[in-house]
Amino acid sequence: MKIRFLGAADTVTGSRHLVDTGTTRVLLDCGLFQGYKTLRERNWAPLPVAPDSMDAMVLSHAHLDHSGWLPALVKQGFKGPVYASPATLDLAQVLLLDSAHLQEEDARRANRGGWSRHQPALPLYTVADAKRALARIVAIPAGRSVSVGDAHIRLTPAGHLLGASSVSVQAAGRTLVFSGDLGRDDDLLMPAPQPVEHADVLLVESTYGNRRHPTEDVQARLGEIIRATTRRGGSVLLPSFAVGRAQALLLVLQRLKAAGEIAADMPVFLDSPMASAATALYQRHRRLLRIPDRETGQLTDGVTLVATPAESAGLVRSRWPKVVISASGMATGGRVLHHLKAMAPNPRHAIVFPGFQVGGTRGAALIGGAREVKIHGEYVAVKAAVSHLEGFSGHADADGLMKWLGGFRAPPEHTFVVHGEPDAADTLRLRIQDELGWRVSVPEHDAMVDA
Ligand SMILES: [Zn+2]
């Protein structure tokens with residue numbers, strides 16, 4: 001077996017790993033590079049392997065850093081099937097179409113502003129490209145394996161996000177396992193990642209390879225913030241990722257109401273059509289969640305799902321105390337910006353970030369204590385109370401990763417640490433070497449290995 005690390009080696013995003021059995025080529029994940037500009041520029045480079053030479057693709061889960069380049073791959077000539085779990089197929093519809101809309105919008109904005117080096121600026125892919133890519137996804141039912149040439153592919157639930165899976169590729173008596181993104185044992189919605197017992201070659205993610213999650217009780221802290229804010233007549237804004245995090249917030253808000261920790265009639269608004277669509281998918285796939293069906297069914301009870309931009313604008317103007325969940329999660333775009341502009345200058349309100357904030361984003365500036373932020377070209381004073389709830393992460397931390405690795409019955413011949421910033425990947429590599437005694441390395445971007 002040969003492996004070529006085409007992305008998410010030396011960084012967290014752009015997950016793409018090519019497995020070549022000698023007769024069959026399978027691409028594991030096809031993610032977008034995100035974050036710093038030098039990384040994003042990789043999205044525009046063609047893959048160094050001809051897309052039509054690949055027989056199949058497997059999607060570990062629907063997050064864009066794992067799935068978001070798929071429309072570009074299909075546009076460049078990939079013609080094979082894309083295998084994914086049924087829930088990943090459903091979530092990919094929501095995420096890839098939204099991503100395509102954003103690509104089209106970015107190109108339009110660049111053309112209006114005239115700042116593109118290309119005239120006219122073209123989107124990385126269009127909605128039509130995304131639809132063609134989505135049509136290639138084939139669901140692998142739980143517990144089944146599919147064959148592509150001499151390779152057999154199987155998925156194992158990995159927690160983390162609805163539908164997220166680890167991927168096993170078996171060929172010529174050898175098994176390669178790719179962890180995908182691994183969830184945590186104490187996730188609010190998803191069960192713990194399932195262990196995989198055997199691998200000859202292992203690719204393991206390391207997003208939190210050098211970190212330990214804080215032990216804060218997110219429900220208790222959010223309850224305190226909401227009570228304190230409403231006592232002073234203010235509202236609470238929760239900038240949130242639309243898929244995964246928004247559903248966890250809805251669950252926590254319902255539990256706070258049921259426990260009498262916040263008023264049962266506290267108005268809650270979900271101002272993100274993508275989050276509403278994702279919530280319906282979490283409800284459709286409720287048997288994959290760790291919470292009782294009753295709670296899944298009640299996630300949006302008493303919650304106003306804000307649909308149109310006009311309804312959203314009306315909500316921004318409203319003055320009564322309320323809780324608003326809106327995207328994007330790092331306040332880099334989307335409807336949340338209108339709420340932020342209206343609420344940030346008023347010290348009565350609270351802005352609570354329930355997710356990791358990447359450096360350089362408005363969210364990172366706000367949790368860092370910025371006294372003003374620029375929104376839609378205007379400087380907005382920040383007088384509202386800003387806080388950060390770190391305990392909502394959907395990733396296993398370093399101890400969680402080590403626990404999952406402990407599920408293998410025998411050491412893999414070789415373990416490759418991927419999907420982490422250099423420091424996180426190297427810290428996990430050292431722990432695997434020192435604590436487990438395994439043969440382990442961190443591949444470089446575009447490295448090719450025989451395994
Ligand atoms: Zn993920």
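In which strand does Val 417 lie? Select residues 414–418: Val 417 lies in this strand, E20. Strands (E, at least two residues) and helices (H or I, at least four) are DSSP runs, numbered from the N terminus.

Before going further, note that this is a predicted model, in which local features need pLDDT of at least 70 and side-chain atom pairs count only at pLDDT 80 or more, while totals for chains, interfaces and linings use all residues. Residues are numbered from 1 along each chain as its sequence is written, and side-chain values use heavy atoms, with hydrogens and water left out.

**Around Val 417**

Val 417 has a relative accessibility of 1% and therefore counts as buried. Buried means under 20% relative accessible area, exposed over 50%, and partly exposed in between (1.4 Å probe, protein chains only). Now display the surroundings of Val 417. Leaving out residues up to four places away in sequence, Val 417 touches Val 204, Ser 206, Ala 425, Leu 428, Arg 429, Ile 432, Val 440, Ser 441, Val 442 and Pro 443; contact means heavy atoms within 4.5 Å.

Ala 425 is buried, with a relative accessible area of 3%. Beyond its neighbours within four places in sequence, Ala 425 is in contact with Ser 206, Val 417, Gly 420 and Val 442.

**The zinc site**

Which residues coordinate the zinc ion? Select His 61, His 63, His 160 and Asp 181; their donor atoms, NE2, ND1, NE2 and OD respectively, lie at 2.2 to 2.3 Å. Donors are N, O and S atoms within 2.8 Å of the metal (3.2 Å for Na, K and Ca), and since water is not among the atoms, sites may look incomplete. The angles subtended by the four donor atoms run from 93 to 167 degrees, which makes the arrangement irregular. Four donors count as tetrahedral if all angles lie between 85 and 135 degrees; four count as square planar and six as octahedral if opposite donors are over 155 degrees apart and all others between 65 and 115; anything else is irregular.

Along the sequence, the spacing of the donor residues is H-x1-H-x96-H-x20-D. His 160 sits in the loop between strand E8 (151–157) and strand E9 (165–171), and Asp 181 in the loop between strand E10 (174–178) and strand E11 (201–205), so the pair ties together parts that are 21 residues apart in sequence. His 160 and Asp 181 are both buried.

**Domains and cores**

Colour the chain by domain: domain 1 comprises 2–211 + 394–450, and domain 2 comprises 218–392. These bounds come from an automatic or database domain assignment. The domain centres, taken over C-alpha atoms, are separated by 29 Å. At the contact between them, 22 residues of domain 1 meet 22 residues of domain 2.

How many residues does the largest nonpolar core have? This core has 75 residues, and those with the most contacts inside it are Met 57, Leu 70, Leu 73, Ile 137, Leu 222, Ile 226 and Leu 253. It draws at least three residues from each of domain 1 and domain 2. A nonpolar core is a set of buried Ala, Val, Leu, Ile, Met, Phe, Trp, Tyr and Cys residues joined through side-chain atoms within 4.5 Å. A second, separate core has 27 residues, including Val 148, Ile 153, Val 201 and Ala 447.

**Helix H8**

Select residues 273–284, helix H8. At 1.5 Å a residue its 12 residues should span 16 Å, and the end C-alpha atoms are 17 Å apart, which agrees; the expected span is 1.5 Å times one less than the number of residues. Among the buried residues of H8 are Ala 275, Leu 281 and Tyr 282. The cover over the buried residues of H8 includes helix H4 (86–113) and helix H7 (245–258).

**Backbone details**

Finish with the backbone. The peptide bond from Ala 327 to Ser 328 is cis, with omega near 10 degrees; Ser 328 lies in the loop between strand E15 (323–326) and helix H11 (336–343). Ala 172, in the loop between E9 and E10, has a positive phi near 50 degrees although it is a residue other than glycine.
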